[in-house]
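Here are a few exercises to work through with the sequence and the 3D view side by side. Try each task before reading its solution.

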Amino acid sequence: MGVFTYDYESTSPVAPVRLFKAFTIEAAKVWPTAAPNAVKSVEVEANPSSGSIVKINFFEGLPFQYMKHQIGGHDENNFSYSYSLIEGGPLGDKLEKISYENKFEAAASGGSICKSSMKFYTVGDNVITEDEIKALIKGSEGVYKPVEAYLLANPEACN
């Protein structure tokens, strides 16, 4: 097994606290509403806390039917959270899991900077290329961008 690390930053016009809530505490409610053509449902085992499993179900016709995340933890004071993609989605035969550490920080011009550190754990001698990683990031924007748009259109959400 190999481990490949990739760091990524993006910006958003949405405040850090709202993005944090939309991607952690309120994800089960927000994602299907914000991305109704992609996310069918989000099932959370108990409270969304460390060790819990979150299953995201997608509509038929999309590249993946579901993904399971295991929550590593979240820090409401620093707007940071971690989780691992442990089943489904883009893992296939090549990846054992993908671990994510994300943090939303206030941008000087308003909005947020999302800092992500991803670790790709490959099966056997497989490797993952930077182009494959960028394609996975682009795919995740299918949920991220609609959630961001939802928050902008609904200023009362995730406050």
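## Exercise 1: The pocket

The lining of the largest pocket has 30 nonpolar, eleven polar and two charged residues. Keep in mind that the model is predicted.

**Task.** Find how much space lies in the largest pocket, which residues lie nearest its centre, and which helix gives the most to the lining.

**Solution.** 
- Start with the volume: the largest pocket holds about 1,100 Å³ of space.
- Next, go to the centre. Out of 43 lining residues, those nearest to it are Trp 31, Met 67, Tyr 83, Ser 140 and Val 143.
- Finally, sort the lining by element: helix 3, residues 130–153, gives the most, with ten residues.

## Exercise 2: One face of a helix

**Task.** Which residues of helix 2 are buried, and why do they line one face of the helix?

**Solution.** 
- Select residues 27–34, which form helix 2; Ala 27, Val 30, Trp 31 and Ala 34 are buried there.
- Now look down the axis of helix 2: the buried residues fall within an arc of 95°, so they line one face of the helix.
- Last, check the partners. The buried residues of helix 2 pack against helix 1 (16–23), strand 2 (39–44), strand 3 (53–58) and helix 3.

## Exercise 3: The nonpolar core

**Task.** In the largest nonpolar core, which residues touch the most other members?

**Solution.** 
- The core has 39 residues, and those touching the most other members are Phe 23, Trp 31, Val 39, Phe 104, Phe 120, Val 147 and Leu 151.
- Helix 3 supplies the largest share of this core, six residues.
- Zoom in on Phe 104: leaving out residues up to four places away in sequence, its contacts include Phe 20, Phe 23, Phe 79, Tyr 81 and Tyr 144.

## Exercise 4: A loop residue and its helix partner

**Task.** Are Val 14 and Glu 148 buried or exposed, and where does each one lie?

**Solution.** 
- Locate both: Val 14 is in the loop between strand 1 (3–12) and helix 1, while Glu 148 belongs to helix 3.
- Apply the cut-off of under 20% for buried. Val 14 counts as buried because its relative accessibility is 1%; Glu 148, at 9%, also counts as buried.
- Compare contacts beyond four places in sequence: Val 14 touches Glu 148, and also Leu 151 and Leu 152 among others. Glu 148 touches Thr 11, Ser 12, Pro 13 and Val 14.

Conventions:
Residues are numbered from 1 along each chain as its sequence is written. This is a predicted model: local features need pLDDT of at least 70, side-chain atom pairs count only at pLDDT 80 or more; totals for chains, interfaces and linings use all residues. Side-chain values use heavy atoms; hydrogens and water are left out. On a 1 Å grid over the protein atoms alone, a cavity is a set of points where a 1.4 Å probe fits but cannot get out, and a pocket is an open set with protein on both sides within 12 Å along at least five of seven lines; lining residues have an atom within 4 Å of a point. Grid points are joined across faces, edges and corners, and a volume is the space filled by probe spheres set on the points. Helices (H or I, at least four residues) and strands (E, at least two) are DSSP runs, numbered from the N terminus. Ala, Val, Leu, Ile, Met, Phe, Trp, Tyr, Cys and Pro count as nonpolar, Asp, Glu, Lys and Arg as charged, and the others, Gly among them, as polar. Buried means under 20% relative accessible area, exposed over 50%, partly exposed in between (1.4 Å probe, protein chains only). The arc is that of the directions from the helix axis to the C-beta atoms. Contact means heavy atoms within 4.5 Å. A nonpolar core is a set of buried Ala, Val, Leu, Ile, Met, Phe, Trp, Tyr and Cys residues joined through side-chain atoms within 4.5 Å.
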